[in-house]
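Subject: The structure to look at

Hi,

Here is the structure I promised to pass on to you. Please open it first, and then read my notes below with it beside you.

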Amino acid sequence: MLANNKQLTVKRLWANKIGKGSANQFLRLTPVVSDNELFVSDAWGDLYDVTLGGKVLWHKKLLAAVTSGLATDQHRIYMGTDSAQVLALNEAFRNVQWSGLLSNAVLATPRVSSGVVYVKTVNDYVYALNAMTGHLLWSYHQDAPSLVLRLGSSPQIVGSKIIAGLANGRVIALSRSQGSLIWQSVLAQGQGDSVVSNMVDVDANIVVDNGRVYAASYQGAIAALRLSNGKVLWRHPFSSFSGLALSHGTLIATDAKGDAVAYDTRSGINIWTTRLSPNSLLTKPVMFGSIAVVASDKGWVYFISSQGRL
């Protein structure tokens with residue numbers, strides 16, 4: 001693998017068999033690191049605490065199927081389930097401290113800040129819950145289409161706002177304290193004659209930087225929006241359900257065709273497009289210095305230079 005015309009050496013440090021995976025559901029069961037320990041769960045509710053050296057410290061079987069990635073505030077671990085629950089586990093004693101029943105399955109990784117957990121369900125409810133007790137602080141809802149992708153993007157916490165992408169192709173900004181709508185922007189609208197062709201879910205995780213919101217939808221568009229009012233600054237046709245990453249003025253995204261694509265964040269100009277794995281499901285890019293790292297469901301990991309070279 002080459003990056004910036006130099007040989008990139010990749011070495012596996014350790015590997016460990018953790019649970020049974022995601023049951024072929026393409027769930028985003030992302031782990032979380034807290035106090036130099038890695039917490040990870042499979043789709044069957046097997047939760048593990050692993051050292052950064054790969055040693056399993058403990059394993060707990062939960063009475064629920066986990067469908068989201070994990071989040072933590074150094075006190076508790078939070079996760080969503082297919083039974084419309086969000087669970088909070090005490091890190092020290094590994095027991096469920098509280099559970100909250102919501103409107104539908106939680107597929108998006110919860111976000112937590114300043115004693116509040118923010119959760120989005122697959123049917124486009126956004127909830128704010130007290131992180132210690134699970135008490136409902138507020139909720140917001142827009143009607144979801146009859147057919148949606150079973151993925152869901154996580155709400156983003158930005159100052160006094162919560163930014164969320166919805167299955168109807170909209171990006172919204174909510175008041176963090178009250179859950180009231182500040183603005184909404186139509187990222188994409190269905191253009192087809194069938195329910196499937198009209199799917200425009202904003203399921204790629206949104207990124208926010210320097211007063212701009214970057215978002216992408218399935219069968220719709222990728223765009224930059226103004227954080228203050230949701231105004232579209234630039235937009236291009238695009239289809240993604242994976243996610244975005246930022247690196248030194250460049251927005252990098254993986255699309256539904258198996259490509260990695262880079263845009264200039266200010267102008268929206270396409271800088272490069274790199275074919276990775278046609279007909280494969282790709283993860284969102286993760287930045288390792290100036291290198292974008294992407295994995296596929298075929299077992300490949302790709303390292304892409306800032307010029308788009310593998």
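**The core and the strands around it**

The largest nonpolar core holds 18 residues, and Phe 39, Leu 47, Leu 62, Leu 70, Met 79, Leu 87 and Leu 89 have the most contacts inside it. Strand E8 (76-80) and strand E9 (85-90) are the elements that give two or more residues to this core. A nonpolar core here is a set of buried Ala, Val, Leu, Ile, Met, Phe, Trp, Tyr and Cys residues joined through side-chain atoms within 4.5 Å. Buried means under 20% relative accessible area, exposed means over 50%, and partly exposed is in between (1.4 Å probe, protein chains only). Helices (H or I, at least four residues) and strands (E, at least two) are DSSP runs, numbered from the N terminus.

Before you go on, please note that this is a predicted model: local features need pLDDT of at least 70, side-chain atom pairs count only at pLDDT 80 or more, and totals for chains, interfaces and linings use all residues. Residues are numbered from 1 along each chain as its sequence is written, and side-chain values use heavy atoms, with hydrogens and water left out.

Leaving aside neighbours within four places in sequence, Leu 89 is in contact (heavy atoms within 4.5 Å) with several residues, among them Leu 47, Leu 62, Ile 77, Met 79 and Val 96.

**An open sheet**

Next, find the open sheet of 4 strands, which has the order E7-E8-E9-E10 and antiparallel pairing. Which strands stand at the edges? They are strand E7 (71-72) and strand E10 (96-101); each has a single partner strand, so one side of each is left without a neighbour in the sheet. Two strands count as paired if DSSP finds at least two bridges between them, and E7 and E8 are joined by 2 bridges in the antiparallel sense.

Thr 72 lies in strand E7 and stands opposite Ile 77 in E8. Thr 72 counts as buried because its relative accessibility is 15%. Not counting residues up to four places away in sequence, Thr 72 touches Val 32, Val 33, Ser 34, Tyr 78, Glu 91 and Val 112.

Is strand E17 (residues 170-175) enclosed or exposed? Of its 6 residues, 5 are buried, so E17 is largely enclosed by the rest of the structure. Strand E16 (residues 161-165) runs antiparallel to E17, with 5 bridges joining them, and Lys 161 stands opposite Ser 175 in E17. The hairpin of E16 and E17 has 4 residues between the strands, and Gly 169 takes a positive phi near 85° there.

E17 also pairs with E18 in the antiparallel sense, over 5 bridges. One of the facing pairs is Arg 170 with Val 186 in E18. This hairpin has 5 residues between its strands, and Gly 179 in the turn has a positive phi of about 80°.

**Loops**

The loop between E18 and E19 holds Ala 204, which counts as buried because its relative accessibility is 0%. Ala 204 and Gly 152 are 52 residues apart in sequence, yet their C-alpha atoms are 7.5 Å apart in space.

Two asparagines have a positive phi, although they are not glycine: Asn 210, near 50°, and Asn 279, near 60°. Asn 210 is in the loop between E19 and strand E20 (212-216), and counts as exposed at 63% relative accessibility. Asn 279 is in the loop between strand E26 (270-275) and strand E27 (286-288), and is also exposed, with a relative accessible area of 74%.

**Salt bridges**

How many salt bridges does the structure hold? There are 5, each being a side-chain nitrogen of Lys or Arg within 4 Å of a carboxyl oxygen of Asp or Glu. One joins Arg 76 and Asp 73 (3.6 Å, N to O); Arg 76 is buried at 10% relative accessible area, and Asp 73 is buried at 19%. Another joins Asp 259 and Arg 275, whose closest N and O atoms are 2.3 Å apart. This pair links distant parts of the chain, with Asp 259 in strand E25 (residues 259-264) and Arg 275 in strand E26, 16 residues apart.

Enjoy exploring!
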